[in-house]
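Colleague: Before I rely on the terms used for this model, I should like to hear the reasoning behind them. Please set each value against its definition.

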Amino acid sequence: MAPVSLRSVTKAYGSFEVIHGIDLEIEDGAFVVLVGPSGCGKSTLLRMIAGLETISGGEVVIDGEVMNDVPPKHRDIAMVFQNYALYPHMTVAQNMGFSLRLTKVPQAEAAEKIRASADILGLTDLLDRYPRQLSGGQRQRVAMGRAIVRNPKVFLFDEPLSNLDAALRMQMRVEIAELHQKLGTTMIYVTHDQVEAMTLATKIAVVNKGRLEQVAPPVRLYERPQNLFVARFIGAPQMNILPARLAGAAEARLGDGSVIALRRSMPLGEGSGVSVGIRPEALLLSEDGPLGGRVTLAEHLGGLTLVHIALTDGTPVVLQAVGAPTVAVGDLVRLRIDPAGLHLFDPEGRRISTPGES
């Protein structure tokens, strides 16, 4: 186990900078997920930690040692890639123990490490099989086992579940979370899937265009997004964003004239432009609600229903309801807002903190 620090890390290809001075502290034993849209720089960051990409500026520090010029094989890290990269002519046991053979670990010791890793990952009965005889989830577990046998200070995961179907991704999320609990090793995980990030991480780092937008535990990130990018990116379905203007100290007026009561007085003047953020579960059907609209679609997902509504000015919003509400396409509905799911952002997209909010 080891802490990892990124100190003003930059990456440039010629004159084009893609990572812009990232600072990130990853505690010993933490599970940190780098999440963001495709092309945001999260995999580049991971590869710089691994030593697979050179660092243009700043420092990568692992367990107190600056790693900028240390070759990947001497960083005491293990990486699990999106592609399993298993040797087809080797058995599961041979694939898992390949790195041990390269480093000339005694055969008895290597066999014990392979056995222990296989036991953790539920691969004991598969050690004599070849990759072609395994499912996608089993192959990914073998790739993880190949990393575990090395007993590294830090595990790095680069979108390891992207090639799996939805059911297997859910299963593997659980298995990776349980693996972290068993090993207690520092893990850094890259994904574009915010559901993976929310369910796996002890801390999430949201990356956008080579910059960190916010770093926080999952619940904090969901409940207190610091800007519109984080508010939209974290949460499925994403937060509803409505343009408005402040009408008095504690009210916001939408484009159709509807007025939303705010929980506290805002530190901006009357008439200031703002964005009102409403989580889908904070929108509630109510006969006397301040918002009105027409149902355009209802997605029944079993225990949940997503109701798509066009407000009177045409703005689309999504309401998330438990069960199956009795509404149909074309119905006129009224909506009220649970204040706990209401967020406010200034014209630059930054969260407006209210008095008493930490």
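Colleague: What makes α1 "mostly covered"?

Modeller: Seven of the nine residues of α1 are buried, where buried means under 20% relative accessible area, exposed over 50%, and partly exposed in between, with a 1.4 Å probe and protein chains only. The buried residues are Lys42, Thr44, Leu45, Leu46, Met48, Ile49 and Ala50. This is a predicted model, in which local features need pLDDT of at least 70 and side-chain atom pairs count only at pLDDT 80 or more, while totals for chains, interfaces and linings use all residues. Residues are numbered from 1 along each chain as its sequence is written, and side-chain values use heavy atoms, with hydrogens and water left out.

Colleague: Across which strands does helix α1 lie, and at what angle to β1 does it run?

Modeller: Helix α1 (residues 42-50) lies across β1, β2 and β4 (57-62) and runs at about 115° to β1. Helices (H or I, at least four residues) and strands (E, at least two) are DSSP runs numbered from the N terminus. Axes are lines fitted to C-alpha atoms, for helices over the stretch in contact (heavy atoms within 4.5 Å); angles run from 0 to 180 degrees between N-to-C directions. Just after α1, Gly51 takes a positive phi of about 90°.

Colleague: What makes β2 and β5 edge strands?

Modeller: The open sheet has four strands in the order β2-β1-β4-β5, with antiparallel pairing. Strands β2 (16-26) and β5 (65-66) each pair on one side only.

Colleague: How many residues lie between β16 and β17 in their hairpin?

Modeller: Three residues lie between them, and Gly302 in the turn has a positive phi of about 95°. Strand β16 (residues 291-300) and strand β17 (residues 304-311) run antiparallel, joined by seven bridges, with Val295 opposite Ile309 in β17. β17 also pairs antiparallel with strand β18 (residues 316-322), again over seven bridges, and His308 faces Val318.

Colleague: Why is α5 called largely enclosed?

Modeller: It is called so because 11 of its 13 residues are buried. Among them are Gly137, Arg141, Met144 and Ile148. The buried residues of α5 pack against β6, α2 (92-96), α3 (98-102), α4 (107-121), β7 and α6.

Colleague: How do you know that the span of α5 agrees with its number of residues?

Modeller: The expected span of a helix is 1.5 Å times one less than its number of residues. The 13 residues of α5 should therefore span 18 Å, and its end C-alpha atoms are 18 Å apart, which agrees.

Colleague: Which residues touch the most other members of the largest nonpolar core?

Modeller: They are Val33, Val35, Met96, Met144 and Tyr189, in a core of 46 residues. A nonpolar core is a set of buried Ala, Val, Leu, Ile, Met, Phe, Trp, Tyr and Cys residues joined through side-chain atoms within 4.5 Å. A second, separate core of 28 residues includes Ala30, Ile49, Val70 and Ile77.

Colleague: What makes the phi of Asp76 and of Glu159 worth noting?

Modeller: Most residues other than glycine have a negative phi. Phi of Asp76 is near 55°, and phi of Glu159 is near 45°; both values are positive. Asp76, in the loop between β5 and β6 (77-80), counts as partly exposed because its relative accessibility is 31%. Glu159, in the loop between β7 (154-158) and α6 (166-183), counts as buried because the figure is 13%.

Colleague: What kind of peptide bond joins Ala236 and Pro237?

Modeller: The bond is cis, with omega about 0°. Most peptide bonds are trans. Pro237 is in the loop between α9 (228-233) and β11 (240-246).

How values were computed
Two strands pair if DSSP finds at least two bridges between them.
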